[in-house]
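Student: Can we go through the aromatic contacts in this one? Keep it quick.
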Amino acid sequence: METKSATQNGKRERIAILILSVLLFVLFIFSFVIGRYDVPVTDVIKILLSRVFPITQNWTSNMETAVINIRLPRILLACLVGCCLATAGTSYQSVFQNPMAAPDILGASSGACFGAALAILFDFSKMGITLTAFFFSILTVTLVYIIGARIRGNQIVNILLAGIMVSSLFSAGTSYIKLVADPSNQLPAITYWLMGSLSGTRLKDVGFAVIPMLIGLAPIFLIRWRMNLLTINEEEAKSMGVNTKLLRFAVIVCATFITAASVACSGMIGWVGLVIPHLSRKIVGNNCRYLIPASMIFGAFFLLLVDNISRNLLATEIPIGILTAFIGAPFFIYLMMQKENH
Amino acid sequence: MELEIRNLSFSFKDHEVLKDVSFSVQKGDFLSVLGPNGVGKSTLFRCILGSYRNYTGSVLIDGRDSKEMHPRELASHIAYIPQAHKPTFGYSVLDVVLMSAARHLSPFSTPSSKDTERSMDSLDKLGISHLAQRDFMKLSGGEQQLVLVARAISQNADILIMDEPTSSLDFGNQLRVLERVCRLSEEGYTVLLSTHNPQHAMTYSAKVLALYEGSVAAFGPSKDIMTEDLMKTLYGVPISILETDKGGIIVPERDREARS
């Protein structure tokens with residue numbers, strides 16, 4: 001009986017992750033089908049496969065354009081950004097032993113917003129805006145980390161406090177830029193960017209975003225089990241021979257990297273990084289060994305789903321940041337109320 | 001396995017917490033550390049565990065200075081069992097015990113089925129393998145303590161350091177935990193345990209270290225050094241020790257006539 005329970009440890013979690021993957025795959029294919037221009041599902045599969053295998057073309061070139069040039073980049077980016085935000089949220093929650101932690105907790109988002117607003121003010125290109133946003137996002141978190149490390153006392157609390165301070169500083173900066181921006185073209189661009197959107201994504205953008213994302217995601221995935229030791233008392237973890245300081249630093253760096261990359265190419269998309277980690281906790285529990293993969297897949301699934309709604313619900317596109325808040329906030333309240341009944 | 005503390009002193013800023021503490025324990029010893037609140041019991045443990053390193057004197061494990069050991073190596077000798085383990089997120093009992101595998105696993109790997117087996121074995125050793133899949137946070141305080149002991153054992157250490165393990169337990173659980181710990185010391189584990197209850201020291205542990213004002217007030221077999229005088233010095237209240245055929249019993253000395 002004991003050996004049985006030992007070998008079966010984690011079986012339920014593995015099955016849950018497998019089911020999530022299948023769901024993501026189905027949604028991924030389905031996302032190509034829906035849209036203003038109809039493409040039947042068989043053609044979608046053939047078009048996608050034709051990139052790898054030689055298949056004779058019996059679909060219109062309009063279909064191919066819609067699938068490969070318009071929908072594919074956007075679908076990929078939605079999956080990547082959702083994956084990154086959810087993973088960053090889960091990681092920050094472990095590192096700060098705080099279930100309310102979200103990807104923007106260290107100011108990565110407000111830094112990116114400031115950078116983007118600044119870039120729009122100086123009429124940078126789209127790529128320029130992304131780069132500036134990324135740079136300011138990293139800069140903000142670095143500042144937060146340096147300030148937090150210099151205050152005496154509990155390091156975790158200090159970093160969180162520094163995060164709140166520096167965030168509000170950059171938010172004020174963004175407000176000021178909005179004030180001085182040209183109200184006829186710059187101000188709407190800034191406002192639109194702040195709401196978050198995946199529209200107009202090109203394959204080139206995805207190729208550009210995927211590098212920093214993978215650089216951050218891979219280490220988190222690899223050290224995921226060890227992240228568990230950050231959620232317990234530091235003294236206990238140290239007594240087991242774990243270098244908690246280095247581990248925490250590494251996770252913060254990676255989580256910041258993927259947050260910055262996501263926000264820089266999609267704008268402010270809130271709630272994903274808070275709601276998905278909690279939903280994943282409900283499904284596979286708190287062991288990061290399974291929680292991290294579950295968050296990754298679930299995050300991708302959720303943002304892809306919301307983006308499908310965002311581009312198909314109304315004739316004009318709804319910014320995805322607004323939708324995630326509309327769905328996320330009430331859902332989070334529901335989750336909280338359920339916990340109390342427990 | 002011998003643990004020797006030699007002339008250990010430790011100061012917090014200009015307040016000297018520990019002054020020239022020396023003692024040693026051998027394999028299979030069960031040592032209780034007694035002393036009033038704030039005397040430095042936890043500080044002593046932190047120095048031994050290596051979480052405080054700016055002490056003077058030395059902590060020797062089989063004659064080797066612990067400061068020269070890598071934290072991973074130190075963890076293979078000494079395990080820490082905290083008073084209470086309050087994780088932010090709930091884990092299953094098996095997952096809590098499995099965390100001990102962090103000592104030998106490389107940062108990028110996850111526990112193997114061998115690690116799981118070892119964790120199950122330590123749970124078995126403490127008679128709580130049936131709790132493996134339960135939520136750690138939903139266990140009773142006594143069961144939680146035993147799980148933490150199991151984690152320490154599967155860490156493969158042979159010196160167990162327990163900081164007031166019984167302080168938040170009910171009477172039955174206190175005795176259950178101490179009985180288990182006692183049996184572990186008989187199996188060859190070295191146990192250092194701090195407690196606020198001198199009766200526990202008297203009944204369960206063979207050796208006692210009494211700290212007073214940061215220094216060693218007494219050290220030796222509990223039978224010899226647990227005297228009424230020592231208890232009075234440590235706790236500042238009159239105490240009697242009654243000798244019975246079931247061992248010494250510590251009772252407060254009350255002036256009954258003055259009360260009635």
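Student: Phe10(B), buried or exposed?
Tutor: Phe10(B) is buried, at 2% relative accessibility. Buried means under 20% relative accessible area, exposed over 50%, partly exposed in between (1.4 Å probe, protein chains only). This is a predicted model: local features need pLDDT of at least 70, side-chain atom pairs pLDDT 80 or more, while totals for chains, interfaces and linings use all residues. Residues count from 1 along each chain as written, chains are lettered from A and ligands numbered from 1 in written order, and side-chain values use heavy atoms, without hydrogens or water.

Student: How many aromatic pairs over all chains?
Tutor: 14. Rings of Phe, Tyr and Trp (its six-membered ring) pair with centres within 6.5 Å; planes under 30 degrees apart are stacked, over 60 edge-to-face, the rest tilted.

Student: Which kind is Tyr145(A) with Phe249(A)?
Tutor: Edge-to-face, with 5.4 Å between centres and 65° between planes. Tyr145(A) sits in helix α6 and Phe249(A) in helix α12, 104 residues apart. Helices (H or I, at least four residues) and strands (E, at least two) are DSSP runs, numbered from the N terminus.

Student: Which charge sits over Tyr55(B)?
Tutor: Lys67(B), 4.2 Å from the ring centre. The criterion is NZ of Lys or CZ of Arg within 6 Å of the centre and within 35 degrees of the ring normal.
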